[in-house]
Amino acid sequence: MTRKKKNVLHVYRDISVFAAFSCLFGWLVVRGGREIAYTWHWNQIPRYFFQVDDGVYVSGPLMNGLQVTLQIIGLSLVLAGILGLTTALLRMSTSPVGRWIARIYLEIIRNTPLLVQIFFLYFVMAPILDVGRFATAVLALGMFEGAYASEIFRAGICSIGRGQWEAAYSSGLSTFDTYRKVILPQAIRRILPPLTSQAVSLVKDSALVSTIAVYDLTMEGRTVIAETFLTFEIWFTVAGMYLFITLILSAIASLLEKYVPQRTA
Amino acid sequence: MNENASGLKSQVQPIVVVDSISKSFTHNVKVLDNVSTRVTKGDVLVIIGPSGSGKSTFLRCLNGLEDIDQGTILIDGIPLDDHEKNRLKIRREVGMVFQSFHLFPHMTVLENVNLAQKLVRKKSKIEATQLSKDLLQKVGVDDKAAVYPNELSGGQQQRVAIARALALMPKIMLFDEATSALDPEMIGEVLDVIRDLANDGMTMVVVTHEMGFAREVSDRVLFMEHGCVIEEAPTERFFQQPAQERTRAFLRKIL
Ligand SMILES: Nc1ncnc2c1ncn2[C@@H]1O[C@H](COP(=O)(O)OP(=O)(O)O)[C@@H](O)[C@H]1O
Ligand SMILES: [Mg+2]
């Protein structure tokens, strides 16, 4: 058998296995619903996305929630990126104070639960700093993921050989230029895959901000359920929407990986 | 004061002055032990010695890639001390070529040679490219300007690395076993480039195991062992009548 034929067979086999599991799962859900006498109202779901009143588009709670979630994710991703890179550079800097600050930040963030950090920021820091719920959410998520991102940056930067530093330094480049033009461009290719999974974590962790009454996707979902008791439908839908976001993130990352060629020594 | 005499004096004034430097990595073992030397402008100093004797470390001290524990280094009148400014200034005057090339793999050959010109000399891309093209032609890889380093042979990579080091118009070039990582058939092409530089009057400090080449290009030879300078002499005298028994033993072994 040729390799090509074999590959096609593999694909068919995988698809059948996947279909079988999907059927089994669907059957379990339907059966479970029947057991507890759940009546499905999938037809009611679309209006929680949006409605068209007299030809005017009115977004529903799920769309509003999605928008807030996307905003939070976008902003905290940027914050996490900045914090992560800064902390990584501080940890590797020659300044003892810089290394010290970075260590303290990392230890605190990585050894306490995110939920506690969110509460701490919301109940303790937010009143002092006079920032709103949304800003608190972005700050908490950005700081949390930034700590993990910094370890990813550091590992990526350390993976670039000493020779590259020495070549750059002996060409008279400053440390700043060496990072900017020589080290980071090479490290980014190795950093991208783990950074993507960290971004996916951020998307999932963002649901926790609903605990401080930020009207994100999760919070809107809970509110709709409280009003309508469409528990299963809404949670399925909300989960699907998170899945949608993370899949798009991964797709962007693999596109980037494809177009940023791997050229390392 | 006689003007001629002072003019003469500035001509023979050494451009590299190393005064009793010492260095150790771990606390007790001295990798460099009280090393002193001088290099006159336009001269080629070749450093030889068994592996592990501290040749690379010495070379790396000259452009501040390693810090010294004791002694002083003066490059073109600039002291290599704790001042970051001096260190940067010296690195701009000193080009270095490594055993394993260390080209920037994410840049084309041309970009490799352009980089420092743009960042350090603040040249425009067009200005930088002009000089880079000349240098690449000089080392014979001008047809590879648009290619990435991993598509080049070792010999070509090393010649690009030499062009990159020359791009800042350095006053001094350091070569650390520039041909040791090369396949035998490529050693010649790299040595040719270094020889041309010597003939152009470039001041150079060259660590090499190629004794024939060392004898041919150098003005002086320095023999090092266990971090100490055993003997330093003008080339002909060094090879024909070495003063030290240890030098003679080393030369017997490798010639
Ligand atoms: N970064 C380093 N850390 C610790 N020891 C080192 C380091 N670099 C070199 N050495 C030691 O210094 C000695 C001299 O090394 P080197 O200068 O590379 O010698 P050579 O170039 O003559 O072969 C060796 O014993 C080597 O193990
Ligand atoms: Mg060496």
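User: Which elements each supply at least two residues of the lining of the largest cavity?

Analyst: In this predicted model, about 90 Å³ of space lies in the largest cavity. Of its 13 lining residues, the closest to its centre include A:S170, A:S171 and B:M96. The elements that each give at least two residues to this lining are helix 7 (162-170) of chain A, and helix 3 (84-93), strand 6 (94-97) and helix 6 (154-166) of chain B.

User: How many residues of the lining of the largest cavity are nonpolar?

Analyst: The lining divides by class, with three polar residues and three charged ones. Among the residues closest to the centre, B:R164 counts as charged, whereas B:A165 counts as nonpolar. The number of nonpolar residues in the lining is seven.

User: Which elements of chain B each supply at least two residues of the lining of the second largest cavity?

Analyst: The second largest cavity holds about 50 Å³ of space. Its lining includes B:L191, B:I194, B:V206 and B:V207. B:L191 and B:I194 fall in the range 184-199, and B:V206 and B:V207 in the range 203-207. The elements are helix 7 (184-199) and strand 8 (203-207).

User: How many charged residues are in the lining of the second largest cavity?

Analyst: The lining has seven nonpolar and two polar residues. Asp, Glu, Lys and Arg count as charged, and B:E177 is among the residues that line this cavity. The number of charged residues is one.

User: Between which chains does ligand 1 lie?

Analyst: The residues around ligand 1 include A:R162 from chain A. Chain B gives, among others, B:F25, B:V31 and B:P50. Ligand 1 therefore has residues of both chains within 4 Å, and the chains it lies between are A and B.

User: Which helix gives the largest share of the shell around ligand 1?

Analyst: The residues around ligand 1 include B:K55, B:S56 and B:T57. These three numbers fall in the range 55-62. The largest share, three residues, comes from helix 2 of chain B.

Technical notes. Residues are numbered from 1 along each chain as its sequence is written. Chains are lettered from A and ligands numbered from 1 in the order in which they are written. This is a predicted model: local features need pLDDT of at least 70, side-chain atom pairs count only at pLDDT 80 or more; totals for chains, interfaces and linings use all residues. Side-chain values use heavy atoms; hydrogens and water are left out. Helices (H or I, at least four residues) and strands (E, at least two) are DSSP runs, numbered from the N terminus. On a 1 Å grid over the protein atoms alone, a cavity is a set of points where a 1.4 Å probe fits but cannot get out, and a pocket is an open set with protein on both sides within 12 Å along at least five of seven lines; lining residues have an atom within 4 Å of a point. Grid points are joined across faces, edges and corners, and a volume is the space filled by probe spheres set on the points.
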